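Here is a short tour of one protein, written for someone who likes to check geometry by eye. Please keep the viewer open as you read.

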Amino acid sequence: MFSKSANYYDDIYASIDKDYSVETKKLQKFIQKHKKSGGHKLLDVACGTGTHANLLNQHYHVEGIDLDSKMLSVARKKYPGIKFHHGDMLDFTLNHKFDVITCLFSSIGYVRTKSNLAKAIRNMAGHLLPGGVLLVEPWFSSDQWNVGHIHMTVVNRDDLKIARMSRSSRRGNISMIEFQYLIGTSKKIEYTTETHKLGLFSHKDYLDAFETAGLKTTHDAKGLDGRGLYIGTKSVE
């Protein structure tokens, strides 16, 4: 995934003004509305470099989990007071449960297939306490995906220059993004590439996965940043 760009991930998204603070405030409102349990334990699945987790840690006892070891390394250096686990959303097993589980920034798309979507949602739901809430920010659907779209992001600091260019493609129900990076520091200029593959799921696919996992499900079309948000609450019984 981000194994080649993890050390520059925060710099890249800072350059496009991704506002984690505003997103977290919106997320907190959704949690307060839908959470029925009384505790404050939160797990951020696919936590990346930990920025959401750190902001949420102001309101909850937060842990994070991610499959990408290099992203976790960045998160652990940034936020040594937060416990970060290495694991796959499909089958991670922790020995305790949570009042809130989040899976943000469309990370759910990396499961790629409908069967894996159902498996991931079921696994996350299984780590919820009664009355707990699962919040998942979806990836694009099939009809939203734009094949052949090219995009460029630039970091232009005195001490760091990055040009990241991407191009979108598609193979069946898998969206593909080819990233090419040119990275310059005072020590060297380097070039690297990454290819990301994410599943294109329908609204029904998400609803089916949540409901099969036994969650009372709500969909907010706007969500945190225009991509929507699926919210599932576990029964208190």
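## A term to start with

A salt bridge here is a side-chain nitrogen of Lys or Arg within 4 Å of a carboxyl oxygen of Asp or Glu. Please bear in mind that this is a predicted model.

## Salt bridges

By this rule the count comes to six salt bridges. One of them is formed by Arg157 and Asp11, whose closest N and O atoms are 2.6 Å apart. That separation lies within the 4 Å cut-off, so the pair counts as a salt bridge.

The two partners come from distant parts of the chain, 146 residues apart. Asp11 belongs to helix α1 (residues 9-15), while Arg157 sits in the loop between β6 (150-156) and β7 (161-171).

## Two domains

The protein is divided into domain 1, made up of 6-141 + 201-234, and domain 2, which covers 143-199. If you take the centres over C-alpha atoms, domain 1 and domain 2 are separated by 23 Å.

## Where the domains meet

How many residues of each domain are in contact with the other? On the side of domain 1 there are 14, and they touch 21 residues of domain 2. The size of an interface is often given as the accessible area lost when the parts come together. For domain 1 and domain 2 the buried area is about 1,600 Å², and carbon and sulfur atoms give 59% of this area.

By class, the side of domain 1 that touches domain 2 has eight nonpolar, four polar and two charged residues.

## Aromatic pairs

A pair of aromatic rings is described by the distance of the centres and the angle of the planes. A search of the whole structure finds ten aromatic pairs. Tyr206 and Tyr230 have ring centres 4.7 Å apart and planes at 20°, so this pair is stacked.

Here too, distant parts of the chain are linked: Tyr206 lies in helix α6 (residues 203-212) and Tyr230 in strand β11 (residues 229-234), 24 residues apart.

Conventions. Residues numbered from 1 in each chain as written. Predicted model: local features only at pLDDT ≥ 70, side-chain atom pairs only at ≥ 80, totals over all residues. Heavy atoms only, no water. Domains from an automatic or database assignment. Contact = heavy atoms within 4.5 Å. Buried area = accessible area lost by both parts, 1.4 Å probe. Nonpolar A, V, L, I, M, F, W, Y, C, P; charged D, E, K, R; others polar. Phe/Tyr/Trp six-rings, centres within 6.5 Å; stacked < 30°, edge-to-face > 60°. Helix = DSSP H or I, 4+ residues; strand = E, 2+ residues; numbered from the N terminus.
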